[in-house]
Amino acid sequence: MTMNYSIDPSAATLLPLAKKEGIATVWDRHKAMQPQCGFGQLGVCCRICWKGPCRIDPFGDGPQRGICGADADTIVARNVIRMIASGTAAHSEHGRHVALAMLGVAEGKLPDYTIRDEEKLRAVAAKLGLDTTGKDLHDIAGEVALVTLGDFQNQDHDKPCRWIASTLTEKRLERLAGLHALPHNIDAMVTQILARTHVGCDADATNLIVGGIKGALADFDGMCLATELSDILFGTPQPTVTAANLGVLKEDAVNIAVHGHNPLLSEVVCDVAVLMEEEARRAGAGGGINIVGVCCTGNEVMVRHGIPLAANYLSQELALITGAVDAMVVDVQCIMPSVSEIGACFHTEIITTMDDNKIPGATHVPFREPTAAENARQIVTLAIDAFRRRNPQRVVIPDAKQTAVVGFGAEAIVGALGALNADDPLKPLIDSIANGNIRGIALFAGCNNTQTTQDSSFVTMAKKLARNNVLLLATGCGAGAFAKHGLMTQEATLEYAGDSLKAVLTAVGTEAGLGGPLPLVLHMGSCVDNSRAVAVAVAVANRLGVDLDQLPLVASAPEAMSEKAVAIGTWSVALGIPTHVGTMPQITGSPAVTKLLTETAKELLGGYFMVELDPDKAADRLLAVIDERRRGLGI
Amino acid sequence: MKKLLRENAIIFSDPEKCLGCHSCELSCAVAHGGGDLHAAAVQGQTLRPRNRVVAAGGVTMPVQCRQCEDAPCAFACPTGSILQEEGRVAIREKNCVGCKVCVMVCPFGAISVKAEADPPTDGRTNRGVARKCDLCAHTGREVPACIEACPTKALSLVDLEEFRQSLLEARVAELAQSHRYLIQRKVKP
């Protein structure tokens, strides 16, 4: 058994410290969990009813059916689509939350929020087919919010969700409709998956997987609306220079780490912190208040406001081991419950904020949108109080900090390209792809996983693809990995990009006023922002009159872990994008499901899953797929 | 010098700790298949464990060969395929005709006669040979796969010399304890 840790230099500093102090981290717990259950790894363990657990013998000698008669194919398919349902639920609750907040703003009930991007609001309204002539901003916001909430309410099965219908290419919509895979209502899709996987229901593996794909497309719908409405409320990302890794913590400041996924609270914390700087100084923090990000809340505030990113998923605990974090403010998703235990080893306040996401041992500050600023003030006060208790002798901030140029949403990318050709911004990109200067585009998304040395697969694959002139986009913890390892800099472009890619990035960057090339990897935002990459791809496809499954576009989640990643990967495949997964998915116990997702999907959808645990080989496979697509387009 | 004769090592199963998860069976099958779990599953290989989790009398525990010192299977085998070898009872699979006499005489039901994979019968043979726990000899492992796989540490490889030594020490400690107690109470043993 080999133990995988991290290539993050801050881990090298802090893990020995954790060991010395007897603090267990995620890697210690991973080790203690070995070996992990083979039935679970294969996905052939069913716990859906209380006659179980049932297990199928994968080698044919033992039981081939569970007590109810479900075989390995049924069990694996049910298990995997339940993961999709959970991922969809997570993203969509986030989306609903933002949509309701926007309705509240429109109705004038939420004084702590405003419409920060009026232009985007109008663009979104137009995209959704709303007539906005003569209407004031709040009326438009109200209509957009109501239409959006309609995607959670529509009961007409033949009418697809508004967001998805207005986002994809015509051909893709027809193809998905032909498979009966277009969702009509996000909530209904989650419910439907849970209903059809109940004991004694859908047992046909193919039918179950198609149901899962439909659920995953509801996840895509939820992500689109969450991302776009967040931009309207909090601002659309624009390129900005910031920093990443734990070196962004400051010894002389009150360090507040915002962690989780939802910008509704973190945005207000950022606003309020500025007003409370003086209070922090009076408490002895000469540097005032220093807000840093962790995980996707971190990405959200990073791409919008240039707030530095301290850690991605697997290093969230390391942030606490520095002894320099005074408060870790968490909302939803990807928060390890261990943070409260580690926080208790220090002076750190772990503050939960959402009533449906509490952690034992943490301080709970119930967050409500109408009192957002007041709640944020409570939180910052707790952080300042904690700062007074900080033991300076225990502060170890690693000397690990990289510059990161971030904030490349769809608008920013099109904007940068517009500097080359204002009339037809996509033309420079399309020309570069056509003449081979850009061989293809790869979107890196997804998590960190203890089964992979933290960040190493991301970095290995990105360097290889960049050398082969593939344009790289990233979101979520993948983006965090690239930012921490200095791949979101102009220097990285000069060092790692192939000659033709380097030329394109330099031309665009210089023209866009960056005084040099664009960074090697473009940071598009949090994991809910994967829809931004689709927006660019759809624009290119529409401009060329082709569908998404013809573009030399691939996706990769080399260190995937969460149920959200399962949902994202599945819609990526459903949109026609070949999608690499670097973690062994829990489906190999069913030959039927494995074949369906890795082979049959190609005929049905154009996209398909590729499983490859070795990042070097994975990069080769992605290059081969890109070349195959190029040949298909005759370029 | 005469080689010190040691008793065969055994795998000890603790029924108090066994949760009946079958992980030991799975890892045994994979270890003897020579590949990894996912590859075996994807390729649809037929692999057979050499141990079996049995539930009876309110307890669950895996059962495997006891590596008997005076093994009935070795005596019963008409082809002489079963013999004592390097601290365990070994089966020379190439000499085995699959007659199942060993199965009938094994007091623990630890031997099965099946082909490792599922090759089609060729009319003359089903290719079934006697198989049982071989303590993962020749699999390149230091510790048998089942022991590594057990999540509750219910399985252990027992070296009988060490085991007896601990047993003796425990008994002596117990005796000493009661002796002290009796002295305290001024009771003559």
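Predicted model: local features only at pLDDT ≥ 70, side-chain atom pairs only at ≥ 80, totals over all residues.

**Aromatic rings and their partners**

Over all chains, the count of aromatic pairs comes to six. In the pair formed by A:F220 and A:W571, the ring centres lie 4.7 Å apart and the planes meet at 55 degrees, so the pair is classed as tilted. This pair links distant parts of the chain, since A:F220 belongs to helix α10 (residues 205–234) of chain A, while A:W571 belongs to helix α24 (residues 563–574) of chain A, the two residues being 351 residues apart.

Another pair is made by A:F444 and A:F482, whose ring centres are 5.5 Å apart and whose planes stand at 75 degrees; planes over 60 degrees apart count as edge-to-face, and so this pair is edge-to-face. Here too distant parts of the chain are linked, with A:F444 in strand β11 (residues 440–444) of chain A and A:F482 in helix α20 (residues 476–484) of chain A, 38 residues apart. A:F444 and A:F482 are both buried, and ring pairs join A:F444 and A:F482 with A:F458 into a cluster.

Aromatic rings also meet charged groups. In chain A, the charged end of A:R55 sits over the ring of A:F39, at 5.5 Å from the ring centre. In chain B, the charged end of B:R66 sits over the ring of B:F108, at 5.8 Å from the centre of that ring.

Key
Residues numbered from 1 in each chain as written. Chains lettered and ligands numbered in written order. Heavy atoms only, no water. Phe/Tyr/Trp six-rings, centres within 6.5 Å; stacked < 30°, edge-to-face > 60°. Helix = DSSP H or I, 4+ residues; strand = E, 2+ residues; numbered from the N terminus. Buried < 20%, exposed > 50% of the residue type's maximum accessible area, 1.4 Å probe, protein only. Lys NZ or Arg CZ within 6 Å of the ring centre and 35° of its normal.
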